[in-house]
Amino acid sequence: MTEFRQESNSFSPVRSTLEQWRQGGILDPEQVHESLAGKPCAIGGMIQALEDHAADAEVVHGTVMFSQSGGIAEQAVMDHYLERLVPQLEACLPLDGVLLSFHGALQTTEFDDPEAEITRRVREIVGDRCVIATSTDLHGYISQDLVRDADLIVGYQTYPHVDFFETGYRTAKLALEAIAGGTLEMAWVPIPMIVSASAYNTLEGPFRDLIEHGRAMVDEGRIIDFTVYQMQPWLDLAEGNSSAVVIAADRESAAAGARELAQRLYAARHEFTPNLMSIDEIIDLAEDPDTPKPVILVDSADSCNAGAPGDSMAVAARLLERGSEIRAATVVNDPAAAAEAHRIGIGGRATFEVGRAHDPNAVSIKAEGYVRSVHDGEFAQEGPAGRGMINRIGTTTVLRFGTLDTVVCEWMAGNGDPQLYRAFGIEPTLYDLVVVKANTSFRAAYTKFAGLICEADTPGSAAADLSRLDFRRLPKSMYPWTDTEEIEYPVHFGRDRSTTGGRA
Ligand SMILES: [Zn+2]
């Protein structure tokens, strides 16, 4: 098993470099089990499934590379991975199965769909008889190329994502069944639509209903597994789609299931429009003593989880311009400002310029600030998603501007987790307004204590309002650019394994 996982944002002005991936984590094969067994991640789930269901199997690990979301990855990153993976695979042939942990929405400077290219390379090496199973995020872009070379494609069924481990587990368990000779047929139906990520989740509404429908299909025995992919909307690719993948005991059932989920998703497309408010409308609410607190202002446009640079001070700028006296908290990526605060030290005052560290179009502020604290930037997520996973955000400080506390970090991670504030002395429940730079992931933790959650119409490379984004390559024949009832639901099947056969 091996991992190569990042979510790309085509609109970010910053490329993802090998250095950024090193910060996320690059594990050599001998480090994988010790680092990830039992951890709430896909590889952790794969390891567990193999221990539960194939205790006698000989398991070999490959390189694991993971990075926080970011701009398009430099090709050197993918080359680095393949240079390691290829000899690792060649050294342990023949293989019965390969488990690949991907995100699914990675883009490199050379490949729109690097996951398909990697899978193609893996297939070339391991041959036709080997079962290749991939674990992905439900925001992945699934292509016909990937379907051609992977036997099983399995994705998250929750958003906010809380089933990383379970998805890895499902992937490995299905792969074991296929290796044992079980008939598992996969059908894939592309759906010509993308919608704002903040507009759907599995806690409520039409997307939850769709997932529940899929689960019922599994419970009734009609299908074995399903994933509904909502391609994340910050990918500007020459081809793109949302899609449904269904695994069933026979092709007819897989096709019928995938078509049914695809039709239901497309039929609900108008229900995924986000309800956005202006920054000032949200500040007005937070200033109103009758509004339950804290008010969570969702600045998803600058979400690092969605690959944005995290360097926008758009909300902070409005708070300062208005002279608002509410207790507010925000977080920003600005390595120079963080380093400056460390140099000045706790208790110092200076005029700080904060924001626009990476994106030349981002909003920054210039104001006198007070250095409340300085930190090494390491914290453990409280979860529920990824509980206990360690995040590192580099040189970090908390600067106070009037009544606004700002976590300033070298690079941001764990955006949806309250520890991004709590670990640095900011208790969100004691604030009137808290800026959260995430789309939906934050709901898993914040819903419990938020007075009100408001999605803001903010600028940035992960803007919730898709019309703010400059799509140049994605075909405009898809929704929302083209809105028609008359679409086709073409069914494509995975590899025909009846000719190659599984083997025990
Ligand atoms: Zn996702």
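Rings of Phe, Tyr and Trp, the last represented by its six-membered ring, are taken to pair if their centres lie within 6.5 Å. By this rule the count in the present structure, which is a predicted model, comes to nine aromatic pairs. One of these joins Phe11 and Phe471 in an edge-to-face arrangement, with 4.9 Å from centre to centre and 85° between the planes. Phe11 belongs to the loop between strand S2 (8-9) and helix H1 (18-24), whereas Phe471 belongs to the loop between strand S22 (452-456) and strand S23 (492-493), so the pair ties together parts that are 460 residues apart in sequence. Both Phe11 and Phe471 are buried. In the pair formed by Tyr156 and Phe164, the ring centres are 5.3 Å apart and the planes stand at 80°, so this pair too is edge-to-face; Tyr156 is buried, with a relative accessible area of 5%. Phe4, Trp21 and Tyr81, in turn, form one aromatic cluster.

Aromatic rings also take part in arrangements with charged side chains. Arg327 lies over the face of Tyr431, at 4.3 Å from the ring centre, and Lys476 is placed over the face of Trp481, at 5.3 Å from the ring centre.

The zinc ion is coordinated at 2.0 to 2.4 Å by His139 through ND1, by His161 through NE2 and by Asp137, which is listed with two OD donors. Along the chain, the donors of the zinc ion follow the spacing D-x1-H-x21-H. The angles subtended by the four donor atoms around the zinc ion run from 55 to 136°, which makes the arrangement irregular, since a tetrahedral assignment would require all angles to lie between 85 and 135 degrees. Of the coordinating residues, Asp137 and His139 are buried.

Helix H7 (residues 164-179) comprises 16 residues, which at 1.5 Å a residue should span 22 Å, and its end C-alpha atoms are 23 Å apart, which agrees. The buried residues of H7 are Thr167, Gly168, Tyr169, Arg170, Thr171, Ala172, Leu174, Ala175, Leu176, Ala178 and Ile179. These buried residues pack against helix H3 (42-53) and against a series of strands, namely S6 (97-102), S7 (131-136), S8 (152-155), S10 (225-229) and S11 (242-248). Just after H7, Gly181 adopts a positive phi of about 100°.

For helix H3, the 12 residues should span 16 Å at 1.5 Å a residue, and the end C-alpha atoms are 16 Å apart, in agreement with this expectation. Ala42, Ile43, Gly44, Gly45, Met46, Ile47, Ala49 and Leu50 are the buried residues of H3, and what covers them includes strand S1 (2-5), helix H2 (29-36) and strand S4 (64-66), together with S6, S7 and H7.

Two loop positions were also examined. Glu382, in the loop between strand S17 (378-380) and strand S18 (390-392), counts as buried at 19% relative accessibility, because the limit for burial is set at under 20%. When residues up to four places away in sequence are not counted, Glu382 touches Arg387, Asp417, Pro418, Gln419 and Arg422. Ala238, by contrast, is situated in the loop between S10 and S11 and counts as partly exposed at 41% relative accessibility. With residues up to four places away in sequence again left out, Ala238 touches Asp112, Arg473 and Pro475. The C-alpha atom of Ala238 is separated by 29 Å from that of Thr171, a residue 67 residues apart from Ala238 along the chain.

Notes
Residues are numbered from 1 along each chain as its sequence is written. This is a predicted model: local features need pLDDT of at least 70, side-chain atom pairs count only at pLDDT 80 or more; totals for chains, interfaces and linings use all residues. Side-chain values use heavy atoms; hydrogens and water are left out. Donors are N, O and S atoms within 2.8 Å of the metal (3.2 Å for Na, K and Ca); water is not among the atoms, so sites may look incomplete. Four donors count as tetrahedral if all angles lie between 85 and 135 degrees; four count as square planar and six as octahedral if opposite donors are over 155 degrees apart and all others between 65 and 115; anything else is irregular. Buried means under 20% relative accessible area, exposed over 50%, partly exposed in between (1.4 Å probe, protein chains only). Rings of Phe, Tyr and Trp (its six-membered ring) pair if their centres lie within 6.5 Å; planes under 30 degrees apart count as stacked, over 60 as edge-to-face and the rest as tilted. Helices (H or I, at least four residues) and strands (E, at least two) are DSSP runs, numbered from the N terminus. A charge sits over a ring if NZ of Lys or CZ of Arg is within 6 Å of the ring centre and within 35 degrees of the ring normal. The expected span of a helix is 1.5 Å times one less than its number of residues. Contact means heavy atoms within 4.5 Å.
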